[in-house]
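Work through the exercises below with the sequence and the model open. Each task is followed by its solution.

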Amino acid sequence: MEKGKGVMGSRKWAVDFTDNSSSPSTRDIPDPPGFTRASQDQDDSAMSRQKKDAEANWKSQKAWEVAQAPFKNLLMMGFMMWMAGSTVHLFSIGITFSALWQPLSALQGVGKVFEPYKDSKVDLLAPKLLFIALNLGGMLLGVWKLNTLGLLPTHASDWVSSLPPAHEVEFSGGGIALH
Amino acid sequence: MPKMKMMMILPVLMLLLLLVPTPSFSLFEDQVGFMDWHQRYIGKVKDAVFHTQKAARKRVVVSTHENVIASLDLRRGDIFWRHVLGPNDVVDNIDIALGKYVITLSSEGSILRAWNLPDGQMVWESLLPGTKSSKSLLVVPANLKVDLDSPIFVYSGSCLHAISSIDGELLWKTDFATHGIDVHQLILPSASAVVHAVGVTDLSHFHTYEVGVMSGEILKHTTASFPGGVYGEILPVSNDRFVALDASRSVLVIISIQNGKTHLQQTHVSDLIHGSSRDTVILPSKLSGIFTVSTDTCIAFIKVTDEGKLHVMEKVDNKVVVSDALSLSEGEQAFALVQHGDSKIHLSVRLVHDMSSNHLKETVEMDHNRGFVHKIFINSYVRTDRSNGFRALIVMEDHSLLLLQQGEIVWSREDGLASIIDVTTAELPVEKIGVSVAKVEHSLFEWLKGHVLKLKGTLMLATPDELVEIQKIRLRSSEKSKMTRDHNGFRRLLVVLTKAGKLFALHTGDGRVVWSSLLQSLRSSEQCSQPTGLKLHQWQIPHHHALDNNPSVLVVGRCGSSLSSATAMSIVDAHTGKEVQNMVPTHSTVQVIYLPFTDSTEQQLHLLIDADNRAHLYPKTPEAAEIFQRESANVYWYSVETEAGILRGYGVKTKCNLDEYCFEARNLWSVVFPSESEKIIATVTRKANEVVHTQAKVIADEDVMYKYVSKNMLFVATVSPKASGPIGSATPDEAVLAVHLVDTVTGRILHRMTHLGSQGPVHAVLSENWVVYHYFNLRAHRYEMSVIEIYDQSRAENKDVLKLIVGKHNLTTPVSSYSRPEVMTKSQSYFFTHSVKAISVTSTAKGITSKHLLIGTVGDQVLALDKRFVDPRRSLNPTQAEKEEGLLPLTDALPIIPQSYVTHAFKVEGLRGIETVPAKLESTTLVFAYGVDLFYTRLAPSRTYDSLTEDFNYALLLLTIVALVVAIFVTWVLSERKDLQDKWR
């Protein structure tokens, strides 16, 4: 970037040949004879519509692809979890927490992920839903893994394991006569 | 992306694996003495024999009341060697034979042993079975030769034995039981080949026998009738004269043997010693021609002239202690007298030929906490000017042993610590804020120096000298012996009560005696004769509002030996050792109960139960009475009558008639064991201060079992009466061991189990919801250990998670024993190789850390055994889930792992008890094992998971951090520079 700027700054002059303005009145120089701005516009618009359609198509296709991407992730995660086993150690915990964290961060950034494919003609709702569903699936997988690791308080033992002994009402002492 | 993560995780994992130390419970060699200490004692000296002539290392051989024989260095008082005989092997006599063997006669004269004098190796041992029990006498002739052998004469079991001193062979034996006489003295007149045995029959006939030393035949027998009877012993005055006291203790009888005839001559004590003469005793003194008589007023030295006339040479106060005679050169004899002055003792040595004046008189300053002199032994040495010098070994009232020489205490040994009765602990004072700057700087400098040295050691840069220095710093860290409370609770005072009635405070850091105090209440006085200590309890433990007070301990003793004797009590400041209060209540004490209530000054309420089953409340304040009145409906006590085989439970009935603080008992329940089939041999309860963290036990598959945690549970072991003797006295069919768990509030037997073919001795420990006990299995011919775990079935339904989450359960409601909760037990037995002297269990501050059993083995060591080994849920093939839970596969025997001896290379000779005290750090427990020796260490049953180890190298950590910071800075500078260069390109 900085290098580019340096090059720009070193230019002494430049001519801009592009002309996108549509009304002739704003221009100092009249249009050459035989040149109609409108026809070009029309021509352009036809072409651009075509182009736009293609782009929309491509966008929706891409959006669907993006939406389906977590599925691969899900499979990979499942494989990793299977590999990690069901005992609590660093590796399995790492895998499980990444399995929980990834869908969560993905869900937070749903809008951002589909930003490039935003188009008036493209219906992003369905891919978005799929994306969310798949990520939720991933999260569920993570939670399930957490449970198989025994890290979820779903058993009675998780609620009573640190319960202090109940207070005893009576007190008794004594023993064999001291010698 | 996950792959990336995995690649990142793996190295971290590897690094962590490298950092985790390999699990080991044992210590390294250089850790010995780092947090443990060991002290060796011998006990109260009973007899002493000096060995100073022609010996390079001057020594004294002693026998003690703790059945120890030891050879002590006369210069410094160190132990050269020591043997602790069993508790039933009482040493009767010791002597030195041939100048190289120590001869000991023990077990009522039935075992004679010779030990090599320089190193204490046993040379030979002879068993002398007698025919009838009698007193035991040992005579080691100084220079008697019989066929190149020097015989030793032993009278025991009514037989006279001559034993070769070379190999312990029995040369001959003469039975006196057939003559029906009871021999009192053996005398070996010098330069004659006969032994004189002097004795009485039926206390009215006096006999002397002359026995030939060659073959043991009786050469001569004389007798004389003595109708008055004899009190005590017949003592020799000279080779042919004896003195005895008649049965009325008022007439002295001089027995002289001349020309085979026995003459008796009677003299009234009151004629010799004017004034009252009660409690007359003849003292054994071995002075030639002189005997000593002690009465209630004085001690008199009485000379027997050649004509048989008695002549009182001198009278001294009866508080004076007289030593045995010591033979000097040219037939001269000397003896020592010790007189007690005000914080001084006066030692005088007199010569028999010149009784009127002191040969030597010395005054020695004596700590009043040592009490009176109980015994004195003297020894002489030749000074450079060829005159005789004397050294005296004295045994004090507190059982300490001192050597006096030239008016000074050369050394002293606190041998009272060999007979500890009870142990408790006290907190040290809180550190005062405001330490001088110089001290801080100094300690900082020391700290840095120490750590730099350690760092050098770690990096293997240290020289051997420095390595020695490092070890020294580690062992003598000033931190551990400070007199203030520490954050981890490692520094404590161990307050111990000894048999002598002395209280000692030992610092846990290095084992030194911080203070010691001879309790006035436990000293013989007019109100209280022969008091004995019984129990030591914490009396005041300042916590919050009484923080300015020092903690104090309560000592309970008894005047005399019978259960109905009066009580002696003291309250002692645990920081200074001062007796704050000294009480002699009139009631007796058979049991001391530590109530779980405190008054506003944090004094613990105690109940003293007397022999008539009345409860006496202490402290005697209206406030305490009010607290007790409020709680009395829920206070119970029980008694275990081992003789009758009855357990009885009591509650408070009414106040006694006159005393505000005395309560009558009402018998609530009794458990009577049938005397023909069961005899109580052991009872054990939970420790009063034990903390249990949780009531639930999580087992495999996240299941829960609820422990039956009750402080009111008593374990009782009974055996069939036939099997109550030693092992081997009963056949397996006769022996039945029954164990019971009894609720002491209601008398309900929670569980009963019998072990057929097993017998005691039973050693047990009860903790949380389990009891582990050790006994002998006669069928298997092996020792066994069993465990019983008890669970509460009435809470077992509490398994619904939702209900637990919203708090709908009965787990925290107070429980009453009267609700009769249904219980379930699990038990299992294992073989155990050792016989056991004591069992204890580790205790921690919150009870979270897993437990280890501490087993005092027959080899006087303490073995730590993980409680997981005695888990009744062990099975042959544990499931995967059970393995995950940490359940071990079942084995028939408990493993003894050599590394798990907490006493490592040391022995706690005569081990009697193992006390565990929780430190403030949850992982750590303090262990104090006592017997004749003392041993203290710190244990972390689950390793120190909550702190860095003491040898953690802070300097290395600091260095690493500094190095990292420097590296970050350098790389930052380098990257900046590179960036700049790139920009200029």
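**Exercise 1.** Over the face of which ring does B:Arg782 lie?

Solution. The model is predicted, so local features need pLDDT of at least 70 and side-chain atom pairs pLDDT 80 or more, while totals for chains, interfaces and linings use all residues. Residues are numbered from 1 along each chain, chains are lettered from A in the order in which they are written, and side-chain values use heavy atoms, without hydrogens and water. A charge sits over a ring if NZ of Lys or CZ of Arg is within 6 Å of the ring centre and within 35 degrees of the ring normal. B:Arg782 lies over the face of B:Phe831, 4.2 Å from the ring centre.

**Exercise 2.** Classify the pair B:Trp37 and B:Phe928.

Solution. Rings of Phe, Tyr and Trp (its six-membered ring) pair if their centres lie within 6.5 Å; planes under 30 degrees apart are stacked, over 60 edge-to-face, the rest tilted. Here the centres are 6.2 Å apart and the planes at 55°, so the pair is tilted. Next, both B:Trp37 and B:Phe928 are buried (under 20% relative accessible area, 1.4 Å probe, protein chains only). Finally, B:Trp37 and B:Phe928 form one aromatic cluster with B:Tyr930 and B:Tyr936.

**Exercise 3.** Describe the interface of chain A and chain B.

Solution. Start with contacts (heavy atoms within 4.5 Å): 36 residues of chain A touch 60 residues of chain B. Then take the buried area, the accessible area (1.4 Å probe) that two parts lose on being put together, summed over both. The two chains bury about 4200 Å², 66% of it on carbon and sulfur atoms.

Notes:
Buried < 20%, exposed > 50% of the residue type's maximum accessible area, 1.4 Å probe, protein only.
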